[in-house]
Amino acid sequence: IKSFFNEEVVKGHIVKSPMIHIKNLKVQKAKPEFYTEAEIKLFFEQEMDDANRLAFQGLLYTGMRIDELANIHWSDVDFKKKLIKVVRKPGFNPKTVNSERAIPIAEPLYKELCKLQKKKISQTYVFTSVEGKQIRERTLLGVCKRIAIAAGITSRAFLHKFRHTFATLLVINRVPLERVQKLLGHSSINETLIYAHLIPDDMHDDVSVLDKLF
């Protein structure tokens, strides 16, 4: 409403906006939900198809969005440098400019990818459906929910929660927010600040650098 009246002022239809004295409400962003380490362990202890397991591992160990994961080609994986590159390609546009990035591959995922490379299900896609086709978000979400129920996980189960878990574990283990921002492909550090409350409270080591100041 404020924007509408401001535009009317600009157009000269009115002299002053009747909303000028109205202050914007401060809306607190909800804290991101993430899987606990116990829930992750229970989740991956369940029986599931290898393709689905790899997809969930990919989400957890890279923090990629599901559409990014579904569009990773074998040409995007640098096995020598142990990197997965999220890049623009026909049929896929990253969310923002910063979304195009190179993500270091965690060792557990790297080992699985090395095995899969020798016996590829798809010649194009790294992470696939059970049939070897491109991942469909709705299908994988259904699998995720069924596995979570079987594992006895009572919290909400959804795919983006793996991304939150990736970021959460990094922050808890003192990875600087600026690096987390780059790994997630956030366009602004403000997006990453939703994880700031997870930074460990014990900061005695941080201030100890001042002990010998005088």
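Biologist: Which side chain does Glu68 meet in a salt bridge, and how far apart are N and O?
Modeller: The partner is Arg65, with 2.6 Å from N to O. I call it a salt bridge when a side-chain nitrogen of Lys or Arg is within 4 Å of a carboxyl oxygen of Asp or Glu.

Biologist: Are Glu68 and Arg65 buried or exposed?
Modeller: Both Glu68 and Arg65 are buried. The cut-offs are relative accessible area under 20% for buried, over 50% for exposed and partly exposed in between, using a 1.4 Å probe and protein chains only.

Biologist: Before we go on, what kind of model is this?
Modeller: It's a predicted model, where local features need pLDDT of at least 70 and side-chain atom pairs count only at pLDDT 80 or more, while totals for chains, interfaces and linings use all residues. Residues are numbered from 1 along each chain as its sequence is written, and side-chain values use heavy atoms, with hydrogens and water left out.

Biologist: Okay. How many salt bridges does a search of the whole structure find?
Modeller: Seven. One of them joins Lys82 to Glu107, where the closest N and O atoms are 3.1 Å apart. Lys82 is in the loop between β1 (77–78) and β2 (83–86) and Glu107 is in helix α5 (residues 107–118), so this pair ties together parts 25 residues apart in sequence. Helices here are DSSP runs of H or I with at least four residues, strands are runs of E with at least two, and both are numbered from the N terminus.

Biologist: How exposed is Lys82, and what about Glu107?
Modeller: Lys82 is partly exposed at 31% relative accessible area. Glu107 is partly exposed as well, at 36%.

Biologist: What's the phi of Lys82?
Modeller: Near 55°, which is a positive value in a residue other than glycine. Arg174 also has a positive phi, near 70°. Arg174 sits in the loop between α7 and α8 (177–184) and is partly exposed, with 45% relative accessible area.

Biologist: Back to salt bridges. Which residue does Glu100 pair with?
Modeller: Arg88, with the closest N and O atoms 3.5 Å apart. The pair links distant parts of the chain: Glu100 and Arg88 are both in the loop between β2 and β3 (101–104), twelve residues apart. Glu100 is partly exposed at 34%, and Arg88 is partly exposed at 43%.

Biologist: Which residues do salt bridges with shared partners join into one network?
Modeller: Arg65, Glu68 and Arg101.

Biologist: Helices next. At what angle do α2 and α7 cross?
Modeller: Roughly 135°, with the axes of α2 (residues 37–44) and α7 (residues 160–172) coming within 12 Å. That makes α2 oblique to α7. For those words, under 35 degrees counts as roughly parallel, over 145 as roughly antiparallel, 65 to 115 as roughly perpendicular and the rest as oblique. The axes are lines fitted to C-alpha atoms, for helices over the stretch in contact, and angles run from 0 to 180 degrees between N-to-C directions.

Biologist: What's the handedness of the α2 and α7 crossing?
Modeller: Left-handed, meaning the near helix is turned anticlockwise from the far one by less than a right angle; clockwise would be right-handed.

Biologist: And which residues of α2 and α7 meet?
Modeller: From α2 there are Glu37, Ile40, Phe43 and Phe44, and they meet Phe162, Thr165 and Leu169 in α7. Contact means heavy atoms within 4.5 Å.

Biologist: How about α3 and α5, where do those axes stand?
Modeller: The axes of α3 (residues 50–62) and α5 come within 10 Å and cross at roughly 140°. This crossing is left-handed. On the α3 side the contact is made by Leu54, Gln57, Gly58, Tyr61 and Thr62, and on the α5 side by Pro108, Leu109, Glu112, Leu113 and Leu116.

Biologist: Is Gln57 buried or exposed, and what is in contact with it?
Modeller: Gln57 is buried, at 15% relative accessible area. Leaving aside neighbours within four places in sequence, Gln57 is in contact with Phe44, Leu109 and Glu112.

Biologist: Last one: where is Ile20?
Modeller: In the loop between α1 (2–11) and α2. Ile20 is exposed, with a relative accessible area of 59%. The C-alpha atoms of Ile20 and Asn6 are separated by 8.6 Å, and the two residues are 14 apart along the chain.
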